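Hi everyone, thanks for coming. Let me put the sequence and the model up on the screen, and then we can walk through it together.

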Amino acid sequence: MTTLAPPAVRVQEPTTAKGGRSGSVVWMAIPALLMFIAFGVIPLLGVLGLSFTTWDGIGDIHPSGLDSWTATLKDPELPHAIWVTFEIMALSWLVQTPISILIGVFLAAFKKYRGFLAVLYFIPLLLSSAAISITYKALLDPNFGLGAGFGVEWLKQDWLGDSKLAVGVLIFVVSWQYIPFHSLIYQGAVRQIPTSMYEASMIDGAGRLRQFFSITLPQIKYTIITSSTLMVVGSLTFFDLIYVLTGGGPGNATRALALQMYQKGFMANLMGPASCIAVILVLAGVLLAQLLRRLGGRGDESQMEGV
Amino acid sequence: MFNSNFSRRNFLGLTAGAAGAAALAACGSSGPSDKGGSGSSSGSASYWSLSGEPGQPIRQAAIDRFNKANPDTKIAPEFFQNDAYKQKIKTAIGAGQAPTMIWGWGGGGLKSYVDASAVVDLTDWLGQNAAVKDKILTSSFGAGTVNGKVYALPIETVQPIVLFYNKKVFEKVGVQPPQSYGDILDLIPKFNAKGIAPFSLAGQSRWTNMMWLEFMLDRQAGSEVFDNVFSGKAGSWSDPQVLEMLTKVQDLVKGKAFINGFSSVTADSNADQALLYTGKAAMMVHGSWSFGIQKANGGDFVKSGGLGWMNFPPIDGGKGDPTNTVGNPGQYLSISSKASAAEQDIAKKFFSTTLVDDDEKAGWVKSGGVPVLKDADSLYTGDDAQFLKDMAAIASGAKTFAQSWDQALSPTAAETLLDNIAKLFQLQVTPQQWVDNMNAVIGK
């Protein structure tokens, strides 16, 4: 039986996690903390302050108490923007997660071309969102795009001019851009799973499917949470992509919170209400991140029992 | 150990949230670099304007002329895309980093600069330099004037919005250009039957849809409605004629008057122009600057006489004067009040010399525009002569030359307007909702 022992390199000794966590290394957080305070906390306080003022972005700032907040919360556009944000968040998570896991698992096992495929898959992530948006916009143009160019009838839809299709296109482009990144995360996670687990289950007669659901998925639980946090919190801030692709349109069909904030602040010169929306976004981001963290349990139970 | 572990993860969670906040904050800070140069006392002034054909080369040429004639004082230009510029200039002015010379459209945007004391009052300077004032069309000063004082010099071209049409497509289908709104309605099914869109429209840009509303409102209800809105009279949109006009617009959308997928077409990429010169669309309501674009991008379309134009036809039974027009009575250049005295002097010298010289006038005429400078008639020769004469006639013959709504109104009201216009064309609001939404922001 000893011949079945896994190659030792792949196995992380669980004991190593205990090293280097004593209080004496707190100072190592200082550089990151300073950056965080300078570019995170201070602007955040500024935005919070601005949300209690009236300012057109050009002239003087006038404190106005809760005026901006009441205007923002009464605005019928706010629930709509929250709904659109949620819709994009949920749909892009639902599309990206399964595909990323599958590609990740596939890449982890497919050893021969793994390096090549991984690089290939990474390419969309290297492109800027604006460039991707402009490209897709051109490709999907109903009059000069792919459909018209090749004479493919079903491609000649009003992709970005129809409310439902526009959301769909948005999700597609987001997925196209970010699935490679999440696949890489999952690929790394799957490769961390000790091969001895698969070997043991094979002896017990488990098939591929059973192995996937009983070993792979539970083993990458924390990776799923990490990746989901990145997706969910990241989707709150989709701006460049939507702005270039649809400009929030048609009408207000794709106007997510980030876009609504931009429109209020920089187009309509209402910095007060725009700051309120920014505060709402920050709260939503923190809340969602915490929620997802809690979903993962306390994080101190072992995944390596018996290995 | 559990404690330190917990707090670290807590911190990570917060960081993830804050990363979002930081990314958002970054949206706002994409303002200008330090090229505003408000502190520099050297002999250079900055100038921001729009990029793209046909304007940019002429603006660049003017600056080159000035820099050549004044070797020790330099103007450093920067050019931005239309939609990007509108945000950029606002942010720069708000941050006190405005360029010496601020290019704009006058009207409501200019008023917000004046309210913030961001631009210099040019009234006295123009009084002392009557020669400069006399060279510019009087009607163009209106949109550069706030509370009776001139804060911006009219420059470049007078741009009425007109109805362009593709003559070749009209010939192919065997129909005549419309003489009235009724004719337009008759033409729509005829073009659609041949697989040609009746009208090209860059719906995603929103101000393109607005041009339609401007004419429809004027022809239907007359110019008084918007005058009342502009002067801040409560409930100005509540006019049965407005509802009638809005219903007509939605009927156009429902009747497939606009190109398939118009709400995903943008004007910045000139896709709407391409639809007209490629013959995919028969007509287009657009600013007169469209002529220059058609000429530059459309191959021999303009040269071979393919492009036709006319003032927007009257609506049968409408109240509006059919000579009325809408558009830009000029473009405007202001001087930042944050600029140093030396920079302001350079700017004023630029205003009084290069911007009113004959090369400037000839340059804009050559691009297919009607300059704001007087006595350009003799320059209307060659291929563009007829177009230029017609535009000059529309501009000078108009009983009312209204400024484009989004420029005339304050940015806050303009944004609500554009938003509701987009929704109107998308059939997301009813005419009555549109009126209610717009009444709510009158005077804001």
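Let's start with confidence: what is the mean pLDDT of chain B, and what percentage of its residues reach 70 or more? The mean is 86, and 91% of the residues in chain B get to 70 or more. Please keep in mind that this is a predicted model. For the complex, the predictor gives an ipTM of 0.78 and a pTM of 0.80.

There is one stretch of chain B to treat with care. Over residues 1–41 the pLDDT is below 50, and the stretch has 66 contacts in the model beyond near neighbours in sequence. Where pLDDT is low, the predicted coordinates should not be read in detail.

Chain A has 13 helices and 2 strands. Of its 307 residues, 37% are buried. If you take the contacts between residues at least 6 apart in sequence, 69% of them in chain A join residues at least 24 apart.

Now for the record. An unreviewed UniProt entry places the feature "transmembrane region" at six spans of chain A: residues 25–48, 81–109, 116–136, 165–186, 222–246 and 266–289. What does the model show over two of these? Residues 25–48 of chain A are 79% helix and 0% strand, with 32 Å between the end C-alpha atoms. Residues 81–109 of chain A are 100% helix and 0% strand, and there the end C-alpha atoms lie 42 Å apart.

Staying in chain A, have a look at A:G248, in the loop between α11 (240–245) and α12 (257–267). Is A:G248 buried or exposed? It counts as buried, because it has 25 C-beta neighbours inside 10 Å, and the cut-off for buried is 20 or more. Leaving aside neighbours within four places in sequence, A:G248 is in contact with A:I242, A:T254, A:R255, A:L259 and A:Q263. As for A:V174, 74 residues away along the chain, its C-alpha is 15 Å from that of A:G248.

Over to chain B, and its domains. Domain 1 covers 41–156 + 330–375, and domain 2 covers 159–327 + 404–439. The centres of these two domains of chain B, taken over C-alpha atoms, are 29 Å apart. Their contact takes 15 residues from domain 1 and 14 residues from domain 2. On the domain 1 side, the elements of chain B that give two or more residues are α3 (82–94) and α4 (107–115). The largest share of that side, 5 residues, comes from α4(B). By class, the domain 1 side has 2 nonpolar, 10 polar and 3 charged residues.

Helix α9, residues 207–221, has 15 residues and reaches 20 Å from its first C-alpha to its last, close to the 21 Å expected. How many of its residues are buried? In α9(B), 15 of 15 are. After α9(B) comes B:G222, with a positive phi near 85°.

Helix α15 of chain B, residues 358–366, has B:E360, B:G363, B:W364 and B:V365 as its buried residues. What covers them includes α2 (55–69), β7 (157–166), β13 (370–371) and α16 (385–397) of chain B. Following α15(B) is B:G368, again with a positive phi, near 95°.

Those two were glycines, but most residues other than glycine have a negative phi. That brings me to B:E156, which has a positive phi of about 60° although it is not a glycine. B:E156 is in the loop between β6 (153–155) and β7 of chain B, and it counts as buried because 29 C-beta neighbours lie inside 10 Å. B:K256 also has a positive phi, near 55°, without being a glycine. Its place is the loop between α11 (240–254) and α12 (271–277) of chain B, and B:K256 is partly exposed, since 16 other C-beta atoms are within 10 Å.

One last stop: B:S288, in the loop between β9 (281–287) and α13 (290–297) of chain B. B:S288 counts as buried because of its 26 C-beta neighbours inside 10 Å. Beyond neighbours within four places in sequence, B:S288 is in contact with B:Q159, B:P160, B:V162, B:G369 and B:M391. Its C-alpha is 17 Å from that of B:S139, which is 149 residues away along the chain.

How values were computed: Residues numbered from 1 in each chain as written. Chains lettered and ligands numbered in written order. Predicted model: local features only at pLDDT ≥ 70, side-chain atom pairs only at ≥ 80, totals over all residues. Helix = DSSP H or I, 4+ residues; strand = E, 2+ residues; numbered from the N terminus. Buried ≥ 20, exposed ≤ 12 C-beta atoms within 10 Å, placed from the backbone. Contact = placed C-beta atoms within 7 Å. Domains from an automatic or database assignment. Nonpolar A, V, L, I, M, F, W, Y, C, P; charged D, E, K, R; others polar. pLDDT = per-residue confidence, 0-100. UniProt positions renumbered as here; feature names shortened; annotations may be inferred. Expected span 1.5 Å × (residues − 1).
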